[in-house]
Structures are given as C-alpha cells and as structure tokens.
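Subject: Handover of a protein structure

Dear colleague,

Please find below the structure that I am handing over to you. My notes on what was found in it follow.

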Amino acid sequence: MAPFRSPLEWPGLDGAAERRFSLFVIGDAGVEVRASLPGVRFAELDADRLCYAPARVLTAGTAVNLARCAVGYFRRVGVLAKVGDDDYTEAIRRELHRIGAAHRLVVEPGVPNGVSVMLRAGAADGGGSGVRLLVVQDEPPARRLSAADVRAAAAGIEDADVLAVDGYSLLAPGSREALHEAVRTARAAGTRVAFDVVPHDIDARLPASCVLPVLRRADLVVSEAHTLARLLGHPPPAGGREPRDLLPVLDRAVPGAPLWLLRFGPTSLERVLVHQRGRPPVTYSTGYDPGAARAGYGDRLTSCELYWWLSGG
C-alpha cells in the first residue's frame, strides 16, 4: 500500500497544476462587510469606540466563498443560489463571472440581498487572529431556495462529479427541502455529495434529527470535531486533542462508509483527522498557524481536500 499523502502535500493550498473534475455548489450568495481591529478586544469594550482600521465590502456567502477557491482546482465550478433584487445583484453576478464560475442565480423580486458583517478583534496577546463576530441578516433570500429551484438546475448537479452543500441550508424549511432535493438528485445521478457541517454551532440551532439525514446520505463530511461531538451528545475533545474517541460514535450514528474530515486543534483548524469505516484513521496538518489569515482559509482547505478526495487521496 502506498504511504499516506495529505492534501497539503498534494495538490496543496495554492491550487492544482492540472484542473480536473466538476463541482456544483449550493449555498449562500450576498454581500459582506469585513473589518479587523488588531488593537481592540471585544471584552475590553465598555463604551462607544471609533476605530480606523482595514475594512472592505465584498461578494461573499458560503457558495461564493467556496467557488472562489475551487476554481483553482476544478475544471468546472457551478453555483446555485437564491439572491435578492437590488443594486448588489449585478455585483454578485459580476463576481461569479470574474472568478470563472458558472452560475444559476434565482432572483427573488422585491427583496434585498443578504448582508453580513464580520468584525474581528485582536487576540489577547496582541497577535494571532483574535475573536470573530459575525452578524448575518435574518432570513436572507438563500433561506427561501426551493425544491423547484433545485429541480430547474438539476442538469448542473447531474453533470457534476461532486455536489457541495452546507448546513446553513438546513436552518429554514424551504431551503432544507431544497437541500434534500439536491441530495436526492445527486444520488440518483451518481454525483457524489460533500456536506460541510456549518454553522459551527448548528447543534444549538437544530436537533440532530434535522442533520442526520444529510450525514447519512453524504459521501464526504467536513466538520469541526467539536460540532459533531455536541450534535451527537458526545463530550467534545478538550485542549485541542485528537478526537479518536468520537469515531465509534460517528459509525453508530451513520451507516455506510462516508469519509469524515474532522477539524481539530487549538482553534479547530490546525489539524484534520481522516476517518472512514474499515480503514485506520490518519491525521494531517492543515498548515494553519496563528499568524495566518483565517478568513477564507477553511474554503481553501476544503477545495484542496475535495480535489484530493476525487483524485483517490
């Protein structure tokens, strides 16, 4: 048997030398305001504060963020997202066109696009990434993606090598049914399904019974180990420890043999435990350290891992 080679060894985080495969992504698309306050800690704020710091507005959302990284690996990337109808709609289209992702944007007339604000404060020691505050507009258009919208885009799912979905779609009844329709379409067509278990506190927002049906139909699952542990009623790993005691819990909860990529470490991004029923688990480093920019790192890593997985690991 060939020795294990991690995704960081090949293809690496900077994209693939040969772009292959096709990826179809379903998720959020909207507008995000990002700002970083390296000299400020949220815990120290007890009055109004004016800060001058790097800030920018960009097209973002789970579907856009993953597609932006995935185009460096995949020959073809498609995006399905429900968006609003305002001045930002054309900006979302332009950004997807700019990065080279084909898109099917379902425009909901008369509603604004979803807006999020990501504010990152400084770390306690003055270095590192610090704490992130993410405020997302309540009930963005993505929550109203419907099963009919998915059926209209079925050809994109059926032609893809892998369908990528995430847990934000489970947070509302409409988009939840759309996610299930997408998974059914993919399974019937032989398209593999990758499920990203976000938000990381999904266990506090939904019962396990809402998440397990997708876990049980996925071929690959990406998640922080803490999230799955809490969701399944298991003690989360403490002190950044490797979560090997979680593996039998996953095997009992999910039949079959999906590939689990479990993030763990001091910030749940430093290392990955790879598990698949019937095979010995292995771990690898993600290359993330406190000096690295955290925004977008998970999407770079996931894109790299998807390509590595489809290539046979």
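**Charge**

The protein chain carries 37 positive and 36 negative side chains, and the centres of the two sets are 4 Å apart. Here Lys and Arg count as positive and Asp and Glu as negative, while His and the chain ends are not counted. The place of a charge is taken as NZ of Lys, CZ of Arg, CG of Asp or CD of Glu.

**How to read the values**

Residues are numbered from 1 along each chain as its sequence is written, and side-chain values use heavy atoms, with hydrogens and water left out. The model is predicted: local features need pLDDT of at least 70, side-chain atom pairs count only at pLDDT 80 or more, and totals for chains, interfaces and linings use all residues.

**The chain as a whole**

There are ten helices and 13 strands in the protein chain. Helices (H or I, at least four residues) and strands (E, at least two) are DSSP runs, numbered from the N terminus. The radius of gyration of the protein chain is 19 Å, close to the 20 Å that the globule rule gives for 313 residues, so the chain is as compact as a globular protein of that length. That radius is taken over C-alpha atoms, and the globule rule is 2.2 Å times the number of residues to the power 0.38. Along the principal axes, the C-alpha atoms fill a box of roughly 60 × 45 × 40 Å.

Of the 313 residues, 51% count as buried. Buried means under 20% relative accessible area, exposed means over 50%, and partly exposed lies in between (1.4 Å probe, protein chains only). The protein chain exposes about 14,300 Å², of which carbon and sulfur atoms supply 52%. These areas come from the Shrake-Rupley method with a 1.4 Å probe; for residues, only the protein chains shown count as cover.

Among contacts (heavy atoms within 4.5 Å) with a separation of 6 or more, 70% are between residues 24 or more positions apart.

**Pairing of strands**

Two strands pair if DSSP finds at least two bridges between them. Strand S2 (residues 30–37) pairs with strand S3 (residues 55–60) in the antiparallel sense over six bridges, and glycine 30 stands opposite alanine 60 in S3. S2 also pairs with strand S6 (residues 115–121), in the parallel sense and over seven bridges. In that pairing, serine 36 stands opposite arginine 120 in S6.

Strand S12 (residues 271–275) and strand S13 (residues 282–285) run antiparallel and are joined by four bridges. Valine 274 stands opposite valine 282 in S13. S12 and S13 form a hairpin with six residues between them, and glycine 278 in the turn has a positive phi of about 90 degrees.

**Backbone details**

Two residues other than glycine also deserve a look. Phenylalanine 21 has a phi near 70 degrees, a positive value. Phenylalanine 21 is in strand S1 and counts as buried, at 13% relative accessibility. Glutamate 139 has a positive phi of about 55 degrees. Glutamate 139 is in the loop between strand S7 (132–136) and helix H3 (147–152) and counts as partly exposed, at 43% relative accessibility.

A cis peptide bond joins tryptophan 10 and proline 11, with omega about 10 degrees. Proline 11 is in the segment before strand S1 (20–26). The bond from valine 198 to proline 199 is cis as well, with omega near 0 degrees. Proline 199 is in the loop between strand S9 (192–196) and helix H6 (202–205).

Helix H1 (residues 62–70) is mostly covered, with seven of its nine residues buried. Among the buried residues of H1 are Val64, Leu66 and Cys69.

Threonine 185 lies in helix H5 (residues 173–189) and is buried, with a relative accessible area of 11%. Leaving aside neighbours within four places in sequence, threonine 185 is in contact with Ala154, Ile157 and Glu158. Threonine 185 and glutamate 90 are 95 residues apart in sequence and 29 Å apart in space, C-alpha to C-alpha.

Serine 169 is in the loop between strand S8 (162–166) and H5. Serine 169 counts as buried, at 8% relative accessibility. Not counting residues up to four places away in sequence, serine 169 touches Ser175, Arg176 and Leu179.

Yours sincerely
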